[in-house]
Amino acid sequence: MQSTVPLFPEQASTIAHHVDWLYLFLVAVTAFFSLLVAALILFFIIRYKRTPDREAEQIHGSTLLEIVWTVIPLGISMVIFVWAAVLYFHMQRPPSNAMEVYGVAKQWMWKFEYPGGQREINSLHVPIGRPVKVTLISQDVIHSFFVPAFRVKQDVLPNRYMTTWFEAKEPGTYHLFCSQYCGTKHSAMIGEVVAMKPEDFASWLTSGKAEGSLAAQGEKLFQQLGCATCHRADSGARGPNLAGLYGRPVRLTDGHVVVADDNYLRESILVPNAKVVSGFQPIMPTFQGMISEEDLIQLTDYIKHLSAPTMEGPLNNRSTPEQIRDSEVKQVQDQMKQQETAPQKTSGNNK
Amino acid sequence: MSEHKHPSLVLYAGIFFALIIGTCLTWAIAFQDLGVWNPVVALTIAVIKATLVILYFMHVRYSSKLTIVTVCAGFFWLMIMITLSLSDYLTRALQF
Amino acid sequence: MSTVTANVMPAKHYLNDNYGIRSWLLTKDHKRIAVLYLASITVFFFIGGIYAALIRLQLLTPQGALFQADTYNKLFTMHGVNMIFFFLVPSVPAVMGNFILPIMIGAKDLAFPKINLLSWYIYIAGACFSLAALVSGGVDTGWTFYTPLSTGFLRTPVTVLAIGVLIAGFSSIFTGLNFIVTVHRMRAPGMTWGRLPLFVWANYATSIIMILGTPVLAITLILVALERAFHIGVFDPKLGGDPVLFQHMFWFYSHPAVYIMILPGMGVISEIITCFSRKRVFGYPFIAFSSIAIAVFGFVVWAHHMFVAGISVYSALVFSLLSYAVAIPSAVKVFNWTATMYKGSISLQTPMLYALAFIGLFTIGGLTGLFLAALGLDIHIHDTYFVIAHFHYIMVGGMVTAYMGGLHFWWPKITGRMYPEGWSKLSALIVFIGFNLTFFPQFILGYLGMPRRYAAYPPEFQVLNVLSTAGASILAVGFIMPAIYFIWSLKYGEVAGNNPWQATGLEWEISSPPPTHNFHETPIVTTEPYHYGAEQEVPVVP
Amino acid sequence: MSHSSTTTTANHSDSATTATHHPALVHHFDNMEQQKEAATFGMWVFLLTEIMMFGGLFVAYLIYRLKYYPAFVAGSTSIDVSWGFANTLVLIGSSWTMAMAVWAAQTGKRKLQVLFILGTMVLGTAFLGVKAKEYYEKYDECHIPGHVIGKGFNAWGGCSADKSKGNIAEEVIKRDHSIPEASAVQTAKQSEMFFAFYFVMTGLHATHMVIGLGVLAWLMWRANRGEFGPEYFSPVENVGLYWHFVDIVWIFLFPLLYLISRHQHAG
């Protein structure tokens with residue numbers, strides 16, 4: 001495929017060839033039916049060319065044929081649907097061992113941050129052979145993170161974290177495009193993804209100047225902003241203890257259960273009264289307009305890295321939010337499903 | 001179909017009073033705490049009132065099937081829009 | 001009914017009934033309104049075409065050959081808005097539907113002639129707004145008006161353009177309303193639903209979409225305008241709004257709208273294929289109901305434009321599945337048209353050339369739609385040139401081709417004169433070649449990863465882009481030629497006679513051009529449509 | 001599936017109709033019945049578009065209501081329900097007078113027609129008057145979303161000359177004293193979204209009312225000239241359909257905007 005006009009982009013990620021196989025299957029289907037129709041048309045116009053001595057034969061139709069050409073396309077499209085859906089679910093579910101990177105998009109540039117605190121602009125360095133999960137947010141309009149060589153694309157929304165993941169296979173430099181039209185310099189909002197051998201990546205990481213890891217910077221912010229005055233581990237704390245919170249289902253004052261993911265943490269910092277943990281007062285002030293997207297990422301990463309308290313034990317600790325054991329997760333998810341349909345009712349659980 | 005049927009004056013007045021009673025009822029119930037049932041009751045009464053207006057004031061009760069189909073199509077499409085939009089919003093939080 | 005020799009123009013017809021500007025601008029005759037529409041959408045087709053030409057010229061070189069990025073952004077926005085709302089949506093329904101549909105069902109006019117005229121004035125008002133937006137600097141939102149870019153970040157006259165589109169939307173609502181009522185209430189005696197020409201079925205299905213979809217676009221654009229004027233926050237994430245909701249509401253109209261832009265074309269094809277094969281249509285009820293099925297299913301698939309936009313995975317699954325439901329009726333139509341030619345008596349005159357081109361190009365366009373409905377694959381090709389190529393195969397390869405076919409087919413009916421056959425065949429061929437050269441490379445570009453709406457691109461995409469631009473210049477020639485020979489034929493064209501194609505259908509039983517009130521006496525229909533059979537003379541064209 | 005024969009024409013239209021050619025019969029209809037049915041059906045198809053237009057707003061309202069439930073409750077509770085209640089009664093009254101106007105046209109009572117159309121217009125105007133009063137109150141309390149009209153959205157008091165008015169944060173606290181002020185102010189700020197929908201929905205409804213009043217005036221003029229009777233009353237019927245539709249929209253807007261979360265106020 002090294003001709004001057006390539007037909008495929010490089011297959012630089014582990015899913016690229018899965019996508020390409022599906023693509024080729026669809027190309028084959030398209031080619032078959034297009035050529036079939038074209039061949040029939042050509043045959044008919046030659047064979048049944050109008051001549052003075054022959055009349056057209058009148059045919060009303062055939063129910064059998066109608067059924068055949070309804071069922072066959074239906075069958076083929078169901079194959080495509082299932083195949084593509086399975087692939088899609090695979091592409092939407094980042095492996096748990098994925099390395100995390102944060103990306104902030106703005107008109108018209110990409111900023112990336114590594115947990116170690118390294119930052120770069122319009123370029124993203126990743127190791128090969130290891131899944132990388134990119135958590136993305138926009139500061140202004142909708143952008144889209146698109147790396148053709150990896151076959152990944154994800155719109156980047158303001159006010160909401162979106163994630164995508166990939167695992168690079170070959171070292172190299174690949175295009176990073178913004179594929180959602182985002183204003184004047186949309187076509188200049190391009191960057192590069194540099195895939196490196198793990199050892200090269202490790203040395204690249206250490207060579208970059210970092211002012212401490214994201215979590216460390218987050219901790220600094222946590223102290224500066226005074227979060228720690230309420231979010232403490234002791235029983236008199238006015239805010240829930242955040243240790244071990246990340247990724248767990250949390251029960252709210254209105255009885256709903258939500259998962260404490262990136263978006264929940266973000267919302268709780270910016271709009272603290274939206275989803276208050278059961279057993280606590282909605283007293284936290286909002287930080288809307290006071291901290292940047294990068295600060296938020298640092299805080300989130302800090303909270304992620306707080307491991308669960310073990311010494312005090314969560315059982316008698318009033319300030320640990322009511323968490324749910326793994327064994328109960330399925331049950332809770334069912335409950336969440338049911339909740340979605342019923343209108344909510346809010347009221348403090350006290351008085 | 002040539003002779004156009006329409007409700008009697010008594011029926012018009014009856015519908016009018018039913019609508020007034022419905023309004024008062026929905027107003028009074030709004031101040032009672034029925035939990036999750038408040039919006040359900042309020043909207044049920046609204047649907048009943050709207051149905052009365054459609055059937056009698058707008059003469060659908062006496063109209064052709066075509067009119068009935070048209071009215072139903074409107075609400076059917078509205079339901080398509082609501083259900084499929086909510087299919088996104090209500091399942092976003094779910095894990096998969 | 002003799003051919004060739006004794007054709008003379010009727011003494012009195014809708015064109016010479018009376019004269020003067022007022023007789024046109026205040027007309028309530030559906031045929032004259034159709035001609036008004038024909039003139040105005042032709043203007044917009046060529047304006048949109050100029051934008052397209054400039055877009056293709058810009059992309060000749062990787063860094064952009066002609067314009068700054070912001071000018072380019074305005075070009076593709078205005079190209080999209082012009083072509084979609086001011087050409088494609090009104091093209092077949094408002095021109096051919098307006099002219100032919102009432103005649104086909106044996107009515108003297110549409111049910112509401114005044115509303116019909118009003119719809120043209122509304123269209124013109126909307127067009128004026130869109131031109132005003134152009135004159136006052138142009139708009140660079142993209143035709144999709146995505147928030148929050150359109151609401152909070154652009155200083156161009158977005159509101160003016162949004163109002164233009166909103167107004168044009170009401171024009172299509174009124175056209176749709178008129179068609180629905182006309183088909184239900186104005187059919188001639190004996191014109192049962194099973195005897196309706198397929199063109200009428202297709203326009204009826206289109207009207208359903210116009211009626212039910214357009215108002216949602218209207219309210220969405222009103223919210224955008226309010227957001228821009230008062231910062232109410234409905235779509236502004238800074239104020240707690242959800243920009244994805246805009247996409248839901250926008251595509252609730254704009255996905256069905258692509259069926260507004262293809263169904264009437266399918267109706268035209270059914271008429272042409274039968275006529276030039278001299279055959280009954282194969283599987284009449286299946287073609288008729290597949291139009292309705294497309295109209296209905298078209299409303300439940302909109303979020304396949306949003307698979308990477310941040311909708312829930314479950315929702316994406318549902319919309320992907322439903323998207324395949326709409327592919328089936330399209331496939332059924334293609335197979336039925338092809339089968340109609342079997343054992344026919346096929347004559348390759350210009351309308352038939354366009355119809356055959358339609359079948360081929362629409363098949364490719366439709367099948368590439370499956371790529372975009374396939375979840376895992378759409379992630380890669382969404383918002384790339386693959387999408388551009390796909391929908392141009394539907395919109396240009398499908399609808400514009402059908403429109404050209406229909407225009408050639410009914411031109412003798414509309415004007416009473418024939419176009420020059422040789423020139424028109426040549427132009428059809430040029431359009432076909434130019435079109436494929438323009439848009440086929442874009443499929444490859446898209447899979448290679450070139451995003452849409454790029455004013456500049458990495459150098460490795462240049463070869464395909466140059467091919468595409470070369471194709472576009474050929475395509476332009478193919479569209480300029482008809483404009484010239486159609487105008488020429490108005491004066492010099494051969495007089496057509498009532499039925500130059502020896503076609504069936506009520507429109508071919510009245511004079512060309514038709515008399516003002518279509519029928520002197522209400523016709524009574526006793527046969528199915530397309531009753532091509534033994535008792536008619538068959539013209540043999542060399 | 002019979003075989004083909006040619007299409008024939010016959011002298012159909014003349015035989016069916018024109019014994020008495022009504023002056024309102026347009027040339028392209030065969031008879032008054034066809035004309036009337038086309039008109040009514042056309043009106044229904046138009047109302048279909050109206051359903052979808054308001055429908056888009058209802059969907060958006062529903063989604064945001066789920067998202068910002070406490071703020072929607074607070075915003076809804078801050079509206080004076082008695083005016084909305086009164087307006088509902090007024091509009092239902094106008095629907096009845098409109099229905100009676102159609103009845104009067106069908107039965108050919110000219111004076112009653114004019115009277116009932118006038119009554120509908122009076123009630124419709126009264127509705128708009130109350131609406132204007134409510135809008136002015138919102139303006140005074142700075143509950144108009146955005147910062148273009150008035151002094152900018154302010155739901156935490158101190159905007160109106162009467163300092164006690166328009167403080168949604170205070171309302172929130174009044175309902176549940178345990179809620180701290182910081183949280184109440186957050187909820188009050190979020191109620192901007194509720195007011196956005198309040199104004200867009202009632203505004204679109206009021207626009208329909210204004211158009212309706214214009215059409216009613218034209219109708220009254222025609223009714224007064226005695227144009228309508230048992231033979232020909234489509235315009236009255238169609239304007240009636242439109243007016244009833246506007247009434248139905250309000251029947252849903254009233255509970256959605258004024259009532260649904262009211263109970264918590266009492267509790």
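The legends below describe close-up views of a predicted model.

**View 1. Fold of chain D.** Chain D holds 9 helices and 1 strand. Where chain D contacts join residues at least 6 apart in sequence, 68% of them link residues at least 24 apart.

**View 2. Helices H2 and H8 of chain D.** Helix H2(D) covers residues 32-67 and helix H8(D) covers residues 234-259. Their axes come within 10 Å and cross at roughly 15°. Because angles under 35 degrees count as roughly parallel, H2(D) is described as roughly parallel to H8(D). The crossing of H2(D) past H8(D) is right-handed.

**View 3. Residues between H2(D) and H8(D).** On H2(D), the residues that meet H8(D) are Lys36(D), Ala39(D), Thr40(D), Met43(D), Leu47(D), Glu50(D), Phe54(D) and Tyr61(D). H8(D) contributes Ser234(D), Glu237(D), Asn238(D), Leu241(D), Phe245(D), Val249(D) and Leu256(D). Sorted by class, this contact of H2(D) with H8(D) has 9 nonpolar, 3 polar and 3 charged residues. Among the charged residues are Lys36(D) and Glu50(D) on H2(D) and Glu237(D) on H8(D).

**View 4. Contact of chain B with chain C.** Chain B supplies 12 residues to the contact and chain C supplies 13 residues. The side of chain B that touches chain C comprises 7 nonpolar, 3 polar and 2 charged residues.

Methods. Residues numbered from 1 in each chain as written. Chains lettered and ligands numbered in written order. Predicted model: local features only at pLDDT ≥ 70, side-chain atom pairs only at ≥ 80, totals over all residues. Axes fitted to C-alpha atoms, helices over the stretch in contact; angles between N-to-C directions. Helix = DSSP H or I, 4+ residues; strand = E, 2+ residues; numbered from the N terminus. Parallel < 35°, antiparallel > 145°, perpendicular 65-115°, else oblique. Left-handed = near helix turned anticlockwise from the far one by under 90°. Contact = placed C-beta atoms within 7 Å.
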